[in-house]
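Please look through the structure shown below.

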Amino acid sequence: MADTVENKKSGVMKAAGILVIANFLSSVLGFVRNIIMTSVFNLGAQTDAYTGAFVIPDFIYTVLVGGGLSAAFIPVFSGYIAEKKYEDGYKMASSILNIVAIAAAIFCVFGELFAPQLLPVVLDFSNWEPETVQLCITLTRIMFFQCFFMCLTGICMGILQSYKDFAPPSIGAVLYNITIIGVGVLLLTLGTGIAGFCVGVVLGSIVNLTVQIIPIKKHGFQYKKMIDMDHEGVKQFFRLVGPVFIGIAVTQLNMIVNKKFASSLETGILSSITHAQQLMQLPINIFAYAIAMSIFPTMVEHFAKNDMESYKKDLSLGVRNVAFIILPCTVGLIAIRVPLIRALYYQGNFSYENIYILASLMAFYVIGMIGYSVRQVILQGFYAIKETKTPVSINIFILCLNMILTATFVKFWGAKGIAIAYSTAGICSMLTQTFFLKRRIGSIRGTEIKNSVIKCLICCAVMFVTTNIGIWVFETFISIDRKLNQFIELLLLLVIGGGTYFVMAYILKMQELTSILAVVKRKFLGK
């Protein structure tokens, strides 16, 4: 029995490790793409048009591929696999895949035809030049083609994750960004301008889907040319998928609210807000999302067996691991905000003034990072017990709160007010969802979570001080005008900050660190 438990823990850690590495590579490649574009086009009208064109396709990508389809699909399909009802599982999955394909095709045609009418819903063109608006419409129509392939990718990822095969979805995400960069740079040299990156988005989505399809066959999955709306699994999927879609969509609508308000401000603010959001999302995508998704199938399994104690252990472990990683990321990004932006973005046509604009926006956004990270785990906790209505209600409340706060704060603080409102809404979302999940399942091992967070904050405080000392020493004695020195400074600050945090965690004997060290020892030293 002990071996079984240990094997399950090892499986969760392995899955999380695969997702972390892949998400890290994918996110880094995403930033490479952004840096290339800002170096060529700065944060101006063209990048605003590209950012605006990405709003709707990115919304669909995040809702469907980023968890919507999988969260509703995995519990149902995994049940058939666990009970060895393979034929029923294949019929259910094939029916859903075919329904999604038809719906996605219709949606894409609709988007292509009505892009000029859809964009004003999510953007404010009142201060845009007519040629910038037209460019945004053209780029949107190009990128809408990716929606069809991404919808199919969402179901394929659900099938693979039901088999606890996390590698292909992770590899697909990496190849997606590589394709965007490669095609974008190639077409840029041929004179297509920023539109080349939009073509890369479409081709990247095709590559991503292809990577998912091939390994599905190796697991023995048998595709059926059928749509059975009376199949119990199909009915169960649609009972789950509506609330899940609404829950995730409402969360993403918070970002759209930000962009709607940002697009009404001066040129370049929309791009700046988007880049700041993406910097905040980096640790969330790499760590929080990976941890949440890796424990989800295990929580589903424990709940199905009515083993609530193991379910709560998984939930507590997920929250503690997320806090252990995200809190130092938050404090660290605030501390190194200017050296980070300067080292990454300040080249080509990117102006010096934009360093401080982007650094300031990022600092206000990362304050809410812990909220949006922990809520990823809490959401999976709800979905694992097939409770989808409560997260929807909470997310609708948070959306309304964000809209009210944004409309209020932007009057006082401009673009910074948008970031402050978003962070406030994220923290409120975490607290509210945790409260209602606790009411639903009882204790969530809150004492061990609280003790872990307190220790994390102590480590972060020491890290913040040492990092700022490092910035003062470096910039006092070494010139930061050279790009090489900027990267050296950034690297040293990461080493100082990260080293201080982990030393403090070791001194405080944090369980999260000892667990990581134990895995490393077993992996590399055979102990």
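On the surface, Phe 464, Val 465, Ile 469, Trp 472, Val 473, Phe 477 and Ile 478 form a nonpolar patch with about 710 Å² of accessible area together. Patches are made of residues with over 30% relative accessible area and no salt bridge, where like charges are joined within 9 Å and nonpolar side chains (Val, Leu, Ile, Met, Phe, Trp, Tyr) within 5 Å. A salt bridge is a side-chain nitrogen of Lys or Arg within 4 Å of a carboxyl oxygen of Asp or Glu. Accessible areas come from the Shrake-Rupley method with a 1.4 Å probe, and for residues only the protein chains shown count as cover.

This is a predicted model, in which local features need pLDDT of at least 70 and side-chain atom pairs count only at pLDDT 80 or more, while totals for chains, interfaces and linings use all residues. Residues are numbered from 1 along each chain as its sequence is written, and side-chain values use heavy atoms, with hydrogens and water left out.

Helices (H or I, at least four residues) and strands (E, at least two) are DSSP runs, numbered from the N terminus. Trp 472 has a relative accessible area of 57% and is therefore exposed; the cut-offs are under 20% for buried, over 50% for exposed, and partly exposed in between (1.4 Å probe, protein chains only).

The protein chain has 19 helices and 0 strands. Its radius of gyration is 23 Å, close to the 24 Å that the globule rule gives for 527 residues, so the chain is as compact as a globular protein of that length. The radius is taken over C-alpha atoms, and the rule is 2.2 Å times the number of residues to the power 0.38. Of the 527 residues, 56% are buried.

Lys 260 belongs to helix H9 (residues 232-262) and is partly exposed, at 28% relative accessible area. Its side chain reaches the backbone oxygen of Pro 120 at 2.7 Å. Not counting residues up to four places away in sequence, Lys 260 touches Pro 120, Val 121, Val 122, Leu 123 and Asp 124, a contact being heavy atoms within 4.5 Å.

Ser 205 lies in helix H8 (residues 195-218). With a relative accessible area of 0%, Ser 205 is buried. A polar atom of its side chain lies 2.5 Å from the backbone oxygen of Val 202.

Conventions: Polar contact = N/O pair within 3.5 Å; in protein donor to acceptor, adjacent residues only side chain to side chain.
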